[in-house]
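Here is a short report on how one part of this fold is packed. Have a look at the structure first, then read on.

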Amino acid sequence: MREDSKRCTLGPESQYADFAAEVFSLLSDATRVRIILALREGELPVGELAELVGKSPTVVSQHLAKLRWGKIVRARQEGTRVFYSLIGEHARQLVSHAVFQAEHVVDAIPPHHRAGGAGGAAPSGADDEGER
């Protein structure tokens with residue numbers, strides 16, 4: 001079993017609880033969530049990300065700086081263009097689970113629970129593993 005797919009065994013006294021709250025704070029902005037959703041399939045330049053999330057490149061760059069600070073995305077420069085990608089699977093999984101939870105708020109039977117639904121199948125082991 002991969003290390004990142006194991007169940008979290010930390011208790012409420014864990015030093016990581018405060019850091020986890022910081023991660024949630026970092027992801028509490030819809031533009032940053034959209035950026036992570038856009039980067040799920042691979043790296044993209046700022047201009048393309050801006051177009052996908054419906055914000056200006058300047059605004060997207062500011063959000064990307066925060067995501068870089070949180071070690072969620074990395075930058076790679078190629079000439080004058082900067083490409084961004086997700087560093088690992090954790091943010092992707094966390095955002096996917098948040099979207100699945102949001103679907104419960106909107107629909108009695110959310111798309112991820114319907115066979116062949118728009119949101120896809122619910123991830124297996126939904127409380128500790130992400131979408132594969």
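## What covers helix 3

In this predicted model, the cover over the buried residues of helix 3 includes helix 2, strand 1 (44–45), helix 4 and strand 3. The buried residues themselves are V46, L49, A50 and V53. Looking down the helix axis, they fall within an arc of 100°, so they line one face of helix 3.

Turn to the face pointing away from the buried side and you'll find the exposed residues E51 and L52. Just after helix 3, G54 takes a positive phi of about 75°.

## L49 and the core

L49 and I72 have the most contacts inside the largest nonpolar core, which has 21 residues. Helix 2 (30–38), helix 3 (46–53), helix 4 (57–69), strand 3 and helix 5 (90–106) each supply at least two residues of that core.

Beyond its neighbours within four places in sequence, L49 is in contact with I35, A38, L39, L44, V60, L64 and Y84.

## Y84, over on strand 3

Y84 sits in strand 3 (residues 81–86). Is Y84 buried or exposed? Its relative accessibility is 6%, so Y84 counts as buried, the cut-off being under 20%.

Y84 and L49 are 35 residues apart in sequence, yet their C-alpha atoms are 8.9 Å apart in space.

How values were computed
Residues are numbered from 1 along each chain as its sequence is written. This is a predicted model: local features need pLDDT of at least 70, side-chain atom pairs count only at pLDDT 80 or more; totals for chains, interfaces and linings use all residues. Side-chain values use heavy atoms; hydrogens and water are left out. Helices (H or I, at least four residues) and strands (E, at least two) are DSSP runs, numbered from the N terminus. Buried means under 20% relative accessible area, exposed over 50%, partly exposed in between (1.4 Å probe, protein chains only). A nonpolar core is a set of buried Ala, Val, Leu, Ile, Met, Phe, Trp, Tyr and Cys residues joined through side-chain atoms within 4.5 Å. Contact means heavy atoms within 4.5 Å. The arc is that of the directions from the helix axis to the C-beta atoms.
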